[in-house]
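Open your viewer, switch to a cartoon view and keep the selection tool at hand.

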Amino acid sequence: MARFMDVHHGMKGITAEQLKEAHQADLAIEKEEGVHFERAWADPVSGTVYCLSEGPSADAVQRIHERTGHKADEIHAVPLTIS
């Protein structure tokens, strides 16, 4: 499985509850595309949201986001990770 970081713009003022609801919507259908959304972060001031996921492709990640009503503006492969 590949790992992806996607970015959403234009979500100024997003609350923790709204972020949680959006993440839960993705989790509810993620298996249909073989994707797993691991975590999400948000900056309510800039309106930027980041989501970390694993899946077969960036297209699969985008299809989930589109179906749940929050299409990603950018999706980046993350092939290298250190701890």
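Contact here means heavy atoms within 4.5 Å. Axes are lines fitted to C-alpha atoms, for helices over the stretch in contact, and angles between N-to-C directions run from 0 to 180 degrees. Helices (H or I, at least four residues) and strands (E, at least two) are DSSP runs, numbered from the N terminus. You are looking at a predicted model, where local features need pLDDT of at least 70, side-chain atom pairs count only at pLDDT 80 or more, and totals for chains, interfaces and linings use all residues. Residues are numbered from 1 along each chain as its sequence is written, and side-chain values use heavy atoms, with hydrogens and water left out.

Start with the sheet. Select its 4 strands: they form an open, antiparallel sheet in the order E2-E3-E1-E4, where two strands pair if DSSP finds at least two bridges between them. E2 (36–43) and E4 (74–77) are at the edges; each has a single partner strand, so one side of each lacks a neighbour in the sheet. From one strand to the next, the twist averages 20°.

Now zoom in on strand E1, residues 2–8. On one side, E1 pairs with E4 over 4 antiparallel bridges: find Phe-4 opposite Ala-77, then Met-5 opposite His-76. E1 also pairs with E3, again antiparallel, over 7 bridges; select Asp-6 and its bridge partner in E3, Cys-51.

Which strands does helix H2 lie across? Select residues 58–67 to see H2 lying across E1, E2, E3 and E4, at about 45° to E1.

Last stop: helix H1, residues 16–29, lies across E2 and E3 (48–55) and runs at about 160° to E2.
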